[in-house]
There are 2 protein chains.
Amino acid sequence: MPVEVLEEARENMLSLGETGIGVMEHSHRGKPFVAVAEEAEANCRKLAGIPDDYDVLFLQGGASSQFFMIPQNFLEQGKTADYLVTGSWSKKAIKEAKLLGSTNIACSSEDRNFCYIPKDCNYSDNSAYVHFTSNNTIFGTEFASEPEVPEGSPLICDASSDIFSRPLDISKYGLLYGGAQKNLGPSGVTLVIIRKDLVAKGPSDIPAMLQYRTHAENDSMYNTPPTFGLYTMGLVFKWILDNGGLEGMARHNAEKAKPLYDYLDQSQLFKPTADKDSRSLMNVCFVTGDDTLDAKFVSESKAAGFDGLKGHRSVGGMRASIYNAFPKQGVVDLVSFMKDFESKNS
Amino acid sequence: MPVEVLEEARENMLSLGETGIGVMEHSHRGKPFVAVAEEAEANCRKLAGIPDDYDVLFLQGGASSQFFMIPQNFLEQGKTADYLVTGSWSKKAIKEAKLLGSTNIACSSEDRNFCYIPKDCNYSDNSAYVHFTSNNTIFGTEFASEPEVPEGSPLICDASSDIFSRPLDISKYGLLYGGAQKNLGPSGVTLVIIRKDLVAKGPSDIPAMLQYRTHAENDSMYNTPPTFGLYTMGLVFKWILDNGGLEGMARHNAEKAKPLYDYLDQSQLFKPTADKDSRSLMNVCFVTGDDTLDAKFVSESKAAGFDGLKGHRSVGGMRASIYNAFPKQGVVDLVSFMKDFESKNS
């Protein structure tokens, strides 16, 4: 998260503004907190240009809970849910849907260990919805644009790891969701942007907490929301607005990833793992091709202050996660460290 | 929450200990945060004397999510879930269970607007479990001790509003749960203490997030936990340990509620709404019997700095919520204000 956000959260820990009561101590039904929640929603709508026929919900349970709430609400009998399988999170999402109805793998990049975004999809004839994961953290791939969908089938996106990193046309989506912890704030809040006709369409004989309408009708306050998380998310929305909005983020993220990819493209030691046309601006994955050398790099980079560069075990190698709040200088420093490492190890 | 806890959380906002990385910025899988989570669990176990055959889970979704997770996991076909209906939260809990199987109202105090805790229960012949709400925030009633249950039927308790306010014999429970926001920390974390045989007994063909085993097998890190909430809850556990443990809390809470109940018992203006043997030490509800006078009291007390005294609309009047962290002096001041109000308005 941006330092400015952390600092502001820190200041309000014992007194939210002039209230004399810390942000976590306010009742979620009291005026000061309701104002916080309303401002967060208003800034979210402004930021992403969310049309009026969409609800903005702040839920709990992470993307993992959306994995089953979505089929529970929208996978009607006689229909099939289409999943674009581009990594571990898509696989988890379809696994939950399979428990609840008929599913179809519309495309998959598992044949090459998810190093690319497939071009073509084979949708089912009676598609309930199309689900995709816009950015694949583990494999460092990202959809450049939304996939085309069959007419009438809502597009549903798990955008947990690239949400609000670039402009979005919300009207293309039926539902877009993301856990907060990558680009939006602390873990424990899930942002759900959902078209109102889908809210109305869901069944009403499932548990109240699992119906989107429960949360929509109660402004996400049917039960006590994660107040501190929602507050902090609101601060992040403000920070994004103050830093050029989604266009600003897109520019910043592109400028940030460029020196790293440019270096990787000419390096004799390091190789990027994702296909060029499928590269993520959030997670840059690379390997040397030699596990021992990878381990040496991870260890030496950690000692030099670059934490968290070890890649996920299913890809190996290294991964640089450079979400919105990550500064460009951090990437410049990393590239310089990598060049130095390359010259010493080739 | 205790001021000491808020202050410590504030200090660690930009750097958890000496790590140089704020508590919310640490990966939940990194050593520093895993240590935080392990310490929180260890202190929770120490505090409540939790036996080894119980799992301690930190979940999301509040008590409202437990309302449906419990029947989904433990309400087998051919069995009936017994609910003790002592207020709004019990009613919400049984409503969710009804969607998922057979239920029985083992007792209810709705006949007198939930102003008492019933003495006797009529359990079903084939009881799946017995569910009760140990403290009823809205009505100001609290179970003095655990209800007796039919042999073999696990006792399940929603202790959201009095958890860790007094010593507990965990071995009497199959499952005890509570949203954090009353006595344990910020909203957005639910503490679940569950006997391991129940974890093993739940179905494995329901969504992963809804199986207790998923969370038990992954130390509550199957998905990203609400890290800041868990951290803060850990600070509250430490604070309770430092302040006499659950015995200390019980003593403190009894001493705190006494002057208020003592005053109410002799007041000519204010009447406590709960039966004497059913009184809550967490929420003290009282009325004047005159709505206009109630409103006057709420307004004048607010102006005098006593916030949040308005009772819930289903009881009317006033409610003083005096959870663990609420200081005794606050109650003494309130009683003094009430005496003054009484002398001016009688």
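**Backbone, interfaces and salt bridges**

Reply: Let us begin with a residue in a loop: F164(B) lies between strand 7 (155-158) and strand 8 (175-179) of chain B. Please bear in mind throughout that the model is predicted.

Me: What is the phi of F164(B)?

Reply: Most residues other than glycine have a negative phi. F164(B) is not a glycine, yet its phi is positive, about 60 degrees.

Me: Is F164(B) buried or exposed?

Reply: F164(B) counts as buried because its relative accessibility is 0%, the cut-off for buried being under 20%.

Me: Let us turn to the interface between the chains. How many residues of chain A are in contact with chain B, and what area is buried between them?

Reply: The size of an interface is often given as the accessible area lost when the parts come together. Here 40 residues of chain A are in contact with 40 residues of chain B. The area buried between the two chains is about 3,300 Å², and carbon and sulfur atoms give 65% of that area. On the side of chain A, L6(A), L14(A) and M24(A) lose the most area to chain B, together 16% of what that side buries.

Me: How many salt bridges and polar contacts are counted between chain A and chain B?

Reply: The count of salt bridges between chain A and chain B is zero, whereas 14 residue pairs are in polar contact. On the chain A side, helix 1, helix 3 (62-74), helix 4 (88-98) and helix 7 each give two or more residues. Helix 1 of chain A supplies the largest share, five residues.

Me: Which domains make up chain A, and how far apart are their C-alpha centres?

Reply: Chain A is divided into domain 1 (3-242) and domain 2 (245-345). Their C-alpha centres lie 27 Å apart. In chain A, 29 residues of domain 1 are in contact with 25 residues of domain 2. The area buried between these domains is about 2,100 Å², with 54% of it from carbon and sulfur atoms.

Me: What polar interactions are found between domain 1 and domain 2 of chain A?

Reply: Two salt bridges are counted between these domains of chain A, and 16 residue pairs are in polar contact across their interface. Helix 2, strand 5 (135-136), strand 6 (141-142) and helix 7 (227-242) of chain A each supply at least two residues of the domain 1 side. The largest share of that side, three residues, comes from helix 7 of chain A.

Me: How many salt bridges does a search of the whole structure find?

Reply: The search finds 28 salt bridges over all chains. One pair is K119(A) and D277(A), with the closest N and O atoms 3.1 Å apart. Another joins D265(A) to R279(A) at 2.6 Å, N to O. D265(A) is in helix 8 (residues 245-266) of chain A and R279(A) is in the loop between strand 10 (271-272) and strand 11 (283-287), so the pair ties together parts that are 14 residues apart in sequence. D265(A) is partly exposed at 38% relative accessibility, whereas R279(A) is buried at 16%.

Me: Which residues are linked in a network of salt bridges?

Reply: The network links E142(A), D162(A) and R166(A).

Me: Finally, what does the UniProt record place at R29(A)?

Reply: The unreviewed UniProt entry places a "binding site" feature at R29(A). In the model, R29(A) lies in the loop between helix 1 (3-11) and helix 2 (31-48) of chain A. R29(A) counts as exposed, at 53% relative accessibility. Leaving out residues up to four places away in sequence, R29(A) touches V34(A), M221(A) and Y222(A).

Note on methods
Residues are numbered from 1 along each chain as its sequence is written. Chains are lettered from A and ligands numbered from 1 in the order in which they are written. This is a predicted model: local features need pLDDT of at least 70, side-chain atom pairs count only at pLDDT 80 or more; totals for chains, interfaces and linings use all residues. Side-chain values use heavy atoms; hydrogens and water are left out. UniProt positions are given in the numbering used here, feature names are shortened, and annotations may be inferred rather than shown by experiment. Helices (H or I, at least four residues) and strands (E, at least two) are DSSP runs, numbered from the N terminus. Buried means under 20% relative accessible area, exposed over 50%, partly exposed in between (1.4 Å probe, protein chains only). Contact means heavy atoms within 4.5 Å. Domain bounds come from an automatic or database domain assignment. Buried area is the accessible area (1.4 Å probe) that two parts lose on being put together, summed over both. A salt bridge is a side-chain nitrogen of Lys or Arg within 4 Å of a carboxyl oxygen of Asp or Glu. A polar contact is a pair of N or O atoms within 3.5 Å; within protein, one must be able to donate a hydrogen and the other to accept it, and residues adjacent in sequence count only if both atoms are side-chain atoms.
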